Number of protein chains: 2
Amino acid sequence: MIDKESKLYSCWLNHDGIKNSKYKEYLEEIYVSCKSEIIDSALSELKRALKGSDNDEKTQVIHENEKDVTGFKYISLVKKEDNSLVNDGYKIKYTVTDEKTECISVSARNDTGILYGVFALLRLFEQNKQLKGMEIIDNPKKDLRLINHWDNLDGTIERGFAGTSILFESNRNKEIMKEVMKEIGGITATSRALRKAFNDDYQVATDLDRINDYARMLSSVGINGAIINNTNVHEAETYLIDKKINIVKTISDIFNKWGIKTYLSINFAAPITLKDLETADPLDEEVKEWWKKKVQYVYSVIPNLGGFMVKADSEGRPGPFTYGRNHADGANMLGEALALYGGILIWRCFVYNCRQDWRDHSIDRAKAAYDCFEPLDGEFLDNVYLQIKNGPLDFQVREPISPLFGAMDKTNKLLELQITQEYTGQQKHVCYLIPLWKEALNIITYANGDSESNIAKRVGGINAIVNVGSDETWTGHFLAQANLYGYGRLAWNSELTSEEISEEWINITFGDNELVMKNVRKILLNSWRAYENYTAPLGIGWMVSPGHHYGPDVDGYEFSPWGTYHRADCKGIGIDRTLESGTGYAGQYNEPLRSKYNNLETCPDDLLLFFHHVPYTHVLKSGKTVIQHIYDTHFEGYKVVEEFISKWKELANIIDKTLYEQVLERLNIQLDSARDWRDQVNTYFYRMSGIEDEKGRTIY
Amino acid sequence: MIDKESKLYSCWLNHDGIKNSKYKEYLEEIYVSCKSEIIDSALSELKRALKGSDNDEKTQVIHENEKDVTGFKYISLVKKEDNSLVNDGYKIKYTVTDEKTECISVSARNDTGILYGVFALLRLFEQNKQLKGMEIIDNPKKDLRLINHWDNLDGTIERGFAGTSILFESNRNKEIMKEVMKEIGGITATSRALRKAFNDDYQVATDLDRINDYARMLSSVGINGAIINNTNVHEAETYLIDKKINIVKTISDIFNKWGIKTYLSINFAAPITLKDLETADPLDEEVKEWWKKKVQYVYSVIPNLGGFMVKADSEGRPGPFTYGRNHADGANMLGEALALYGGILIWRCFVYNCRQDWRDHSIDRAKAAYDCFEPLDGEFLDNVYLQIKNGPLDFQVREPISPLFGAMDKTNKLLELQITQEYTGQQKHVCYLIPLWKEALNIITYANGDSESNIAKRVGGINAIVNVGSDETWTGHFLAQANLYGYGRLAWNSELTSEEISEEWINITFGDNELVMKNVRKILLNSWRAYENYTAPLGIGWMVSPGHHYGPDVDGYEFSPWGTYHRADCKGIGIDRTLESGTGYAGQYNEPLRSKYNNLETCPDDLLLFFHHVPYTHVLKSGKTVIQHIYDTHFEGYKVVEEFISKWKELANIIDKTLYEQVLERLNIQLDSARDWRDQVNTYFYRMSGIEDEKGRTIY
């Protein structure tokens, strides 16, 4: 059973910091002039914070008339026009009216703005920030701040590492599915028949309170939309826009209270799957009509649905290519139907040939998205967003940015990130991803020669595959909560630094103990590099066990059809993606990025093997040879995990015991796994190259 | 739906050859002096053969008095004492009584002998052998001629490649299980939770006629025992000796009609699993008593049960080690309980450390069985049989024989073979295994210096994991029927040659068309070497995809805990198992085998890398270097599969169309797979060694 009062569960919303806040008495008196279910949510959160503050004897008084609140310290929630604010933005202002009346007001143009302001205010309280005389204006930098569930109706989660779905469940087989998930560590392509075996009896999860708690979490960091089902839409999920729509409605009703719009992943072939038509051709009039009626129906049940997301012509999913149409044809057909209701259409650019022949060095998966979409720039409707993964491949620990971000000026773009740690340790390893995302957001694309054109500016929003499930910690690894938290904060304001976000999360989660702050920060901020160090080197990626993607297998994808190779032999390693002798992928970037990556001399070490095939004796900018770099980073990466453990052990008697044990257990799993990575990668390259480690360490 | 009249289904019992037999009129008159359900089975087979012979208008007359059968050509079935025969043996004798009375008599000491004689007689008819004046005496060389099902109660088959179980099914989920099996190509360790998901509603298969047809097949080649459930006995199967015993009873009743004894795989921890005791300690009096009562109960329901088989202390299965006891303690405790009813106890020697560290070169899985069992020689009861796999590892395409066969003179031994093609192409590839088994049976062990002591002589019988399932062909690949057929024939008489067996099988299966005989023989007899050529070279084994074991993955088991390595680096490859510098495994053999394998100069090429680590430039007895051998065999192996296809295509209009298409489809799958093997193995070693192919062929 889940303990909902536990530290694991309550995460960064435990409000424990209120106890020691100098502002806690403000929580006893609230003035609010507006009414809505979202405002109710804001009030309920203020009440919850007060309750947790040991002011148990105090009751929160909610005033509807401002003149009733003189003589107090109070919080005021005010909706008003304010030119310094955009929708969802908020202002927090400290005012002294008279000797006895001090007010902290949260104002906004809309209800969600007030809600976000309240969460921000509580964070400030909990961090004991000095508020006297302060005025904070905080507007979100992006309108679309989305998360994406890869949850299936049977309760499984594709690439989920924290239990089963909190949104859906198959009643009869709930317990069994949990065991299956636990055993096979996530559902892979080979489980279609398994999913079919449970293809009955689907329903919304029984624990609706938990969905509400989840919505609070999302809303607290400014998330305003959620795609609730897996991007791979199978038969059962196709019915979410049909006879199973009530499942969506139930979830959407809860999300609405927290200002979160619901979106659906849809099946491009739905007219066929639902047995209405024999084609899904986007230019067929019947098909267009079918979708218009379907969208009308969906909006009649869920009037504020955010829209649809589509994965088409990718990894076996149906799409417009079947009918000789292009992606603009497909996307616009759906976009048009949604536009009538203010909905948007998100179209994923994760399109490539997944039946590639490893023997053919001329095909390059990295080039596929650009080749497919760039020529269509200007053809997409205004409410269509192309969703582009940060890198050209698939959420590896290190990739260059997708060149599409520097192109397609006439097309709306979304950045796609992955919070769930598919390739970064599957929430068994600690891997704080904010620095990775920050790096991506800050890259200058040089679109139209603009040297300010970083990715953050080039996109209309961000969407990320979420890392939550039925585990008591929500995220499997407690420290992985920082990724969800940080993602929301970055989606709101990509200018926050990794350090700021980690500091804030640690403070409101663990309190302000100095050692905790120091050690957890150290773990988080060094974790991405540590993971990179003991896994695949210098931007080459992959080297994971096929299927589940956990643990080392240097050749795991080397002879596969997935377009994911390292091309190592006894002389050297790397993919030649240069214009002169390689696949030409580097040419998809704008100058000066193109030359930077294309030239061996200027290509950053971190991405060297992504762009170049070099001998093991090639000397990096660091002064080391490639082979020595491989050895060194693998020994170092393992060592850093040992340090994480000793840093964590210093917190043994300071933090919550269950939480301490949970993380310690995972850190030990990580250490074992890091040892496997270290030894298998080093052994592989030692055997392959025959070159000794300069430092004479043990390689097997 | 299965077409039971099809060529695919009726296999070598189609009796088509009777049509053209000069003896078919003999089938019209039968004299039989004895009665039993086994004799009834023999008669029913004779009737079936007559029916298929276009003598439809003729009725078979069965005479109970010999004087009624003068003036005819007839078959006589006679049970009698005959010193030239042992139990199960038979004599077929041609006699002319008078001008009009010719008799072919089948005589034996027991009913099954007559049954085997009838099947043999029909084979002779179908091959149109000259019988006039002939007297054939055929005694089985071994008493125990067993097959072993790895069928689970839920209908899945571990390492099954021909559909679901023909013995068991889970009623509700039958169809789903079929799909799961089809999709994942066999059940692996990762499917425990899946199996649990279906852990209700088990029953014997609904198609009992099919079980009867299966028993006919087994009996026709002399099989006299079947272990009906998976050696890995899970919770559900533990109940086969308890509340689910009626499932066993139903199957056993059918098998009895065909002279086949039923055996059960049992769970060593059954007293705990069935919740009766808290220990399974074999020296505990309560445990002994429990098993005695359990055996008494089982024999009260199934009086002629053959006995039990146990996999203990292996790959996670429980065993006596848990209680600090040895394998003799465990086996004898069960043996004692069974002895009272004439049952035997089969104890598997497949015991090794499956959590080995690949980093440690001193541990050697190949040594494990000998180290564990050899010291116990003389301690096992008379009705206990140690079952030993042909090789020391696990049914690889090429292994030396297990050294245990040359040891343990005071212990009953069984040879374990694998008909199901786990590591030999999974019934997608044609791989005729008789030559492999013949080679094993003929190896001289030099036990006590005896140069006649081949394995066939050292064992009390053979047990083999069967390759059948619910597929219409029984065996997935039609040509894989030859392995089941041939196994039975070899178990009966290990002196038959591979050529004789293939000839016989082709003739009675396809008829005597010369081209069919020639081409199918060519395919069968070259298939093992072809498979070996394009897969793992020179006895090194493995290099398969982990888990399901299909298709190439050179490093698939290189960093695993399973004790299955190749240790290839840029200089060389192979496992050093010599006495001087290696693991010392070679020392487990008797001289002169020990020296033969231990010395690089005398070790056969085929097993070179099993015993020695050598440079790629090492020159084989063939005159080729190791690396050139790898390249050459891989190109050749692929080419041979191309030849199989062209040979098969020559039969297009000669043989049954469905059968032709079925095999052709599989051959094409095999060709694709052989190409993958060829290119991945060659590429791996080319990249690793940097040595060019002398013939300049394409290596990627």
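Which side chain meets A:Arg529 in a salt bridge? In this predicted model, the partner is A:Asp606, at 3.1 Å from N to O. The pair links distant parts of chain A, 77 residues apart. A:Arg529 belongs to helix H17 (residues 514–534). A:Asp606 sits in the loop between helix H18 (593–598) and helix H19 (608–611). A:Arg529 is partly exposed, with a relative accessible area of 37%. A:Asp606 is also partly exposed, at 22%.

Chain A has an average pLDDT of 94, and 95% of its residues score at least 70. The model reaches an ipTM of 0.90 and a pTM of 0.93.

Over all chains, a search of the whole structure returns 84 salt bridges. Side chains of opposite charge can pair when their charged atoms come close. One such bridge in chain A joins A:Asp394 to A:Lys389, with the closest N and O atoms 2.6 Å apart. A:Asp394 has a relative accessible area of 6% and is therefore buried, the limit being under 20%. A:Lys389 likewise counts as buried, at 6%.

Chain B provides a further case. B:Asp213 and B:Arg48 form a salt bridge at 3.7 Å, N to O. B:Asp213 lies in helix H6 (residues 208–220) and B:Arg48 in helix H2 (residues 37–51), so the bridge ties together parts of chain B that are 165 residues apart in sequence. B:Asp213 is buried, with a relative accessible area of 11%. B:Arg48 is partly exposed, at 39%.

Salt bridges also form a network. Its members are A:Asp357, A:Arg359, B:Arg675, B:Asp676, B:Arg678 and B:Asp679.

Notes: Residues are numbered from 1 along each chain as its sequence is written. Chains are lettered from A and ligands numbered from 1 in the order in which they are written. This is a predicted model: local features need pLDDT of at least 70, side-chain atom pairs count only at pLDDT 80 or more; totals for chains, interfaces and linings use all residues. Side-chain values use heavy atoms; hydrogens and water are left out. pLDDT is the predictor's confidence in each residue, from 0 to 100. A salt bridge is a side-chain nitrogen of Lys or Arg within 4 Å of a carboxyl oxygen of Asp or Glu. Buried means under 20% relative accessible area, exposed over 50%, partly exposed in between (1.4 Å probe, protein chains only). Helices (H or I, at least four residues) and strands (E, at least two) are DSSP runs, numbered from the N terminus.
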